[in-house]
Amino acid sequence: MKLEEFNYDLPQELIAQEPLKKRDHSRLLHVDKATGDYRDDIFKNIGHYLRPGDTLVFNDTKVLPARLYGHRPQKEEAIEVLLLKEKKKDCWECLVRPGRKMKEGQEIIFSDQLRGRVTEVLESGSRLIDFSYEGVFLEIIDHLGAMPLPPYIKKDLKEKDRYQTIYAKNIGSSAAPTAGLHFTQALMEEIKAMGVDILFVTLHVGLGTFQPVRAENIEDHHMHEEVYFVSPQVAQKINQKKSQGHRILAVGTTSLRTLEAATNAQGLLEAGHGSTDIFIYPGYTFKMVDGLITNFHLPESTLLMLVSAFSSQEIIKRAYQHAIEAKYRFFSFGDAMFLE
């Protein structure tokens, strides 16, 4: 399959630069695969499309405020450091700007409590940085750090928690599972009262989620790897619901990728820790997920390929064209779709 098949023209003004004041006031485009029909709605009405016995599966990962600003000793120029992955205790792989100034052995000062030293420059251009600090590292980062917003968001985020889901629990992501940003506590309680089960898995979202696909043939693209966890209780409950013929609905592509990666050839969800580089594109046969709540995704992205596999390329193309004409808001802080 060719990369150009997943391109579309998006007016810049439709890229949402900030969240709405009320999370569940986003717009919702309901898309029915069976008929190809779509309907415009408001997200707080998501319950209209659910039924008793459904299971909604959320990703409870929490975003690390991983963007830090510091300076070299006796220098005023700001150095930006983005934490990517902890390689060992207090040693992180980081993206650094400007990178040319951060050679091996270079020290960087973030605050009186936090300093770092470059120990290695990797082939990819990222750096290994050893951190020294006074106190609890994650608490310091939570205080000093800024949210690692996607590159297409140019506006500063005034409230950090608006790039977190209300149920975020397990810290470790470089990006938010954005489909979950639309849910409020009241909405989740309303859904539960309908007889819909709410369950949680964890997948820590990596910055690779923003990496463009460069391969002309999409089958040649290699997906980044992400760590996930499914508890035994959640696996048992989902397998039970599936065996009873109830729908399993993923809130976000990260929940979907977790469920599909952890489901075995017999169609049973397996509990445990794992890592996945599952790449879902048209032709994929879904083993577990019956419905997907998701945002609108970038042209030529792996996430657009995933939703095209879930519905169909033709249905998604028409739905996206309708969303553009109806001036839906796109990407991380944008509106949502419910794909059945």
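In the predicted model, the lining of the second largest pocket comprises 18 nonpolar, 14 polar and three charged residues. Two or more lining residues are contributed by each of helix 4 (253–262), strand 16 (291–295) and helix 5 (302–310). Helix 4 supplies the largest share, three residues.

The largest pocket holds about 1200 Å³ of space. It is lined by 41 residues, with Leu-84, Lys-85, Ser-174, Gly-206 and Leu-207 closest to the centre. By class, the lining of the largest pocket consists of 21 nonpolar, 10 polar and 10 charged residues. At least two lining residues come from each of strand 6 (78–88), strand 7 (91–97), helix 1 (137–144), strand 11 (170–173) and strand 13 (226–230). Among these elements, strand 6 gives the most to the lining of the largest pocket, with seven residues.

No disulfides are present in the structure. Cys-91 takes part in none, and the cysteine sulfur nearest to that of Cys-91 belongs to Cys-94, 8.1 Å away. Because a disulfide requires two cysteine sulfur atoms within 2.5 Å, the sulfur of Cys-94, at 8.1 Å from the closest cysteine sulfur, in Cys-91, is too far for a bond. Cys-91 has a relative accessibility of 3% and therefore counts as buried. Cys-94 likewise counts as buried, at 0% relative accessibility.

Note on methods:
Residues are numbered from 1 along each chain as its sequence is written. This is a predicted model: local features need pLDDT of at least 70, side-chain atom pairs count only at pLDDT 80 or more; totals for chains, interfaces and linings use all residues. Side-chain values use heavy atoms; hydrogens and water are left out. Buried means under 20% relative accessible area, exposed over 50%, partly exposed in between (1.4 Å probe, protein chains only). On a 1 Å grid over the protein atoms alone, a cavity is a set of points where a 1.4 Å probe fits but cannot get out, and a pocket is an open set with protein on both sides within 12 Å along at least five of seven lines; lining residues have an atom within 4 Å of a point. Grid points are joined across faces, edges and corners, and a volume is the space filled by probe spheres set on the points. Helices (H or I, at least four residues) and strands (E, at least two) are DSSP runs, numbered from the N terminus. Ala, Val, Leu, Ile, Met, Phe, Trp, Tyr, Cys and Pro count as nonpolar, Asp, Glu, Lys and Arg as charged, and the others, Gly among them, as polar.
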